[in-house]
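Please read this briefing alongside the sequence and the structure shown below.

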Amino acid sequence: MDFSKAETIIGLEFKNKELVATAFTHRSYLNEHSNYQNPSNERLEFLGDSILQFLTSEFLFNNYPREPEGMLTSYRAAAVCTVSLAAESAKLGYGNFLLLSHGEEASGGRTKEYLLANTFEAVLGAIYMDSFDIDFCRRYLLKNLFYKLDEIVKNESYRDFKSRFQEEAQEKKGLTPQYKVLDESGPDHDKKFAVGVFLGNTKAGEGEGSSKQRAEQAAAENALANLDNIS
């Protein structure tokens, strides 16, 4: 895989090319390529998540000086949730660069929200590790994530997605959402859940996450976007 196009999209020519390759390496790829030298992107994802939380908190603290801590927490949660990060990752085309197993590829891994969200965080971790330049990380997020915060605040999309969907579903459809686990995978220490939210017998949305609660929130957010199209 040629990652020079990914570097162009990121806006950084990596000094350590192994870092950018690792950022796009899903653990499933290692199972089928025993001679591959790089690890999976999970450690970079861990680091990127911490950087993301810090820089998002810093941005909110500086740009919303009158908001209390509770509101800032809600804004941050909406900005860095799986659905939000996956949307930015998809917009950047990161799914095209993922190294996946044949099985993960066949199951649509390049468009799975949780994989795209994890990749967004892994790329951020790789950016930091390549240069230890927190200012570049900040500029990267200003361009590729923070631009949407004003809209999140204006549209009140920071509110709890399950609560919002329940309110709107009851108002527009006269139905109360029901959540069902559609799939559960991975070892106990790294579970992945797929959850569907239903209005009657109609699946209104679907989401994935590392816990049932996160998957339900992702499903509710997905359903909110589709609600007007549900008959």
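In this predicted model, Gln178 has Phe198 of strand β2 as its bridge partner. That pair belongs to the topic of strand pairing, where β1, covering residues 178-185, and β2, covering residues 192-199, run antiparallel to one another and are joined over seven bridges.

- Strands β1 and β2 make up a hairpin in which six residues lie between the two strands, and within the turn Gly186 has a positive phi of about 90°.
- Taken as a whole, the three strands give an open sheet whose order is β1-β2-β3 and whose pairing is antiparallel.
- Because β1 and β3 (202-209) each have a single partner strand, they stand at the edges of the sheet, and one side of each is left without a neighbour there.
- If direction is ignored, neighbouring strands of this sheet are turned by 20° against each other on average.

**Asn118 in helix α8**

- Asn118 is part of helix α8, which spans residues 113-131.
- With a relative accessible area of 16%, Asn118 counts as buried, because the cut-off for that class is under 20%.
- When residues up to four places away in sequence are not counted, Asn118 touches Glu45 and Lys192.

**Helices α11 and α12**

- Helix α11 (residues 161-172) and helix α12 (residues 212-226) have axes that come within 8 Å and that cross at roughly 40°.
- An angle of this kind makes α11 oblique to α12, because angles under 35 degrees would count as roughly parallel and those from 65 to 115 as roughly perpendicular.
- The handedness of the crossing between α11 and α12 is left-handed.
- On the α11 side the contact is made by Phe161, Lys162, Arg164, Phe165 and Glu168, while α12 contributes Glu216, Gln217, Ala220, Glu221, Ala223 and Leu224.
- By residue class, the contact of α11 with α12 divides into five nonpolar residues, one polar residue and five charged residues.

Methods:
Residues numbered from 1 in each chain as written. Predicted model: local features only at pLDDT ≥ 70, side-chain atom pairs only at ≥ 80, totals over all residues. Heavy atoms only, no water. Pairing = 2+ DSSP bridges. Helix = DSSP H or I, 4+ residues; strand = E, 2+ residues; numbered from the N terminus. Axes fitted to C-alpha atoms, helices over the stretch in contact; angles between N-to-C directions. Buried < 20%, exposed > 50% of the residue type's maximum accessible area, 1.4 Å probe, protein only. Contact = heavy atoms within 4.5 Å. Parallel < 35°, antiparallel > 145°, perpendicular 65-115°, else oblique. Left-handed = near helix turned anticlockwise from the far one by under 90°. Nonpolar A, V, L, I, M, F, W, Y, C, P; charged D, E, K, R; others polar.
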